Amino acid sequence: MSPLEAETMTAIAIEGGKGPASALRPERLPIPQPKPGEVLIRVRAAGVNRPDIIQRMGMYPPPPGAPATMGLEVAGEVAIGAGRWKSGDRVCALLGGGGYAEYAVCDARHALPIPEGFSFAEAAGLPETVFTVYANVFEHGSLKAGETLLLHGATSGIGATAIQMAKAAGARVIATARSAGKARAALALGADVAVDATSEDFAEVAKADGGVDVVLDMVGGAYFPKNLDAIRTGGRIVYIASQAGGEVNLPIFRIMMKRAVITGSTLRPRDADEKARLAAEVERVVWPWISAGKIKPTIDKTFPLEEAAAAHAHLEAGGHVGKVILLAG
C-alpha cells in the first residue's frame, strides 16, 4: 500500500457542478492512486485552457474514466513511477483531467521530460498547446517548410505556440488578432505578418501576400468564407474551436475548384494509445526544436492554485498574451 493512500490534497472543485469563474473553490480530496502503467505526479504547475472554461460551464464533460477535476496539462515531479519514469523525475504531462490539484495521475506514455532550463511554470504550458498544434497543424494540416500558415487567435496559448512551431519548421506565418496591440504582440512572437482583424480584412492581406496553405482556426463562424478565400489551391482549413459560431455555409463547388480540405479535431477524447503515439511524435519532432531554443512558452500570468477562480476570470477577459498558469507549490 502506498504511503500516500491515507493522505489528502488540495484540488479545485466547481461549486454546484457548473457555473461562472467564481464557482471555483479549493477542497480536500484523496490523493489519486495510479493504476498499472500510470505515474503519480506531484503537481508544481498546471496550465489553464479554454476547454477548462467550457467544462466549468457544463458544456465539456470529462471523458469516461477521467477525473471530474479540471486541468489538462501539468508539470512536476514523479511521486510514483511507471514505465520509463522513476520517483523524482521532472516531467510535464498531458491529462484527461485532474490537473488543478496537488497530485495527478496519468498514463506513463503521456508524460515527457521537462526540457533543460525550463521552470515548472514554463513546462506546464507545453503539453496541451504543443500536442494540439502538432496534431492539427502538422498532421491534419500537413504544414511543410516553405508553406504559409494563417493563424487566428495569435496571442492565445495555442497561437503563441503555433507561431513558434511553424517558424521552427521553416514555414511563413500570417497571424490575426483582435486589436492593434495584439497584432504587434504576434509580430514579437515571430509572425511574419500580423493583422488586426478588427480593422483589416485578413483574407485580402493573405491574398496580397500570395495566399496561404494551411489555416488554423479557433474562431469559426464568419471567418470560414474568408479562410476559403485566403487559401491557395490544395489548401487545408483546420478547426480546433468555434468561438464565434459552429455552423457555416459550405460552398461545395468552390471547395472543389480549390481542392480544399476542411478538417478539425479535438485532443481530449482521443484514446490512450493514440495520445501515446502523439506524445512520441512530439518528443521526436518538437523537443529538439525546444532544445535548440526555437520554442519557449510565453507565460502571461501565474496564479496560486487556490486562486483558480481569478485565473479563469483573467483568461475569459481576453487580454492575455500566451499561457495562464496555476502554481501548486
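Guide: Let us begin on the surface of this predicted model, where helix α8, residues 252-258, gives the most to a nonpolar patch, with 4 residues. The patch is formed by Val248, Leu250, Ile252, Phe253, Met256, Met257 and Ile262, which together have about 720 Å² of accessible area.

Visitor: Why is Ile252 called exposed?

Guide: Ile252 has its place in helix α8, and its relative accessible area is 54%. Exposed means over 50%, and therefore Ile252, at 54%, is called exposed.

Visitor: Where is Arg259 found, and what makes its phi worth a remark?

Guide: Arg259 is found in the loop between α8 and β13, the latter being residues 261-264. Its phi is near 50°, which is a positive value in a residue other than glycine. Arg259 is also exposed, because its relative accessible area of 58% is over the cut-off of 50%.

Visitor: How do you know whether Phe118 is buried or exposed?

Guide: The relative accessible area of Phe118 is 8%, and since buried means under 20%, Phe118 is buried. It lies in the loop between β7 (111-113) and α2 (120-124). The C-alpha atoms of Phe118 and Lys296 are separated by 8.7 Å, while the two residues are 178 residues apart along the chain.

Visitor: What makes the contact between Glu73 and Lys323 a salt bridge?

Guide: The nitrogen and oxygen of these two side chains meet at 2.5 Å, and because the definition asks for a Lys or Arg nitrogen within 4 Å of a carboxyl oxygen of Asp or Glu, the pair qualifies. The pair links distant parts of the chain, with Glu73 in strand β4 (residues 73-80) and Lys323 in strand β15, 250 residues apart. Both Glu73 and Lys323 are buried. In total, the structure holds 22 salt bridges.

Visitor: Why is the pair of Asp192 and Arg172 called a salt bridge, when the closest N and O atoms are 4.0 Å apart?

Guide: The cut-off is within 4 Å, and the pair is counted as a salt bridge with its closest N and O atoms 4.0 Å apart. This pair too links distant parts of the chain: Asp192 is in the loop between α5 (180-189) and β10 (193-196), Arg172 is in strand β9, and they are 20 residues apart. Asp192 is partly exposed, because its relative accessible area of 30% falls between 20% and 50%. Arg172, at 32%, is partly exposed by the same cut-offs.

Visitor: What labels do Arg270 and Glu274 receive?

Guide: Arg270 counts as buried, because its relative accessibility of 16% is under 20%. Glu274 counts as partly exposed, because 24% lies between the cut-offs of 20% and 50%. The two residues form a salt bridge, with their closest N and O atoms 3.1 Å apart, and they belong to a network of salt bridges that links Glu139, Arg270, Glu274 and Arg277.

Visitor: How do you know where empty space is left?

Guide: Rolling a probe the size of a water molecule over the atoms shows where such space is left. In this model the largest pocket has a volume of about 1000 Å³. Of the 43 residues that line the largest pocket, the closest to its centre are Arg50, Ser156, Met218, Ala241 and Gln243. The elements that each supply at least two residues of this lining include α1 (50-56), α4 (157-168) and α10 (308-317). By class, the lining of the largest pocket divides into 19 nonpolar, 17 polar and 7 charged residues.

Visitor: What volume does the second largest pocket have, and which element gives the most to its lining?

Guide: The second largest pocket has a volume of about 630 Å³. Of the 31 residues that line it, Glu38, Gly65, Ala66, Pro67 and Gly96 are the closest to its centre. Strand β6 gives the most to this lining, with 5 residues, and the lining of the second largest pocket has 17 nonpolar, 7 polar and 7 charged residues.

Notes:
Residues are numbered from 1 along each chain as its sequence is written. This is a predicted model: local features need pLDDT of at least 70, side-chain atom pairs count only at pLDDT 80 or more; totals for chains, interfaces and linings use all residues. Side-chain values use heavy atoms; hydrogens and water are left out. Patches are made of residues with over 30% relative accessible area and no salt bridge: like charges are joined within 9 Å, nonpolar side chains (Val, Leu, Ile, Met, Phe, Trp, Tyr) within 5 Å. Accessible areas come from the Shrake-Rupley method with a 1.4 Å probe; for residues, only the protein chains shown count as cover. Buried means under 20% relative accessible area, exposed over 50%, partly exposed in between (1.4 Å probe, protein chains only). On a 1 Å grid over the protein atoms alone, a cavity is a set of points where a 1.4 Å probe fits but cannot get out, and a pocket is an open set with protein on both sides within 12 Å along at least five of seven lines; lining residues have an atom within 4 Å of a point. Grid points are joined across faces, edges and corners, and a volume is the space filled by probe spheres set on the points. Ala, Val, Leu, Ile, Met, Phe, Trp, Tyr, Cys and Pro count as nonpolar, Asp, Glu, Lys and Arg as charged, and the others, Gly among them, as polar.
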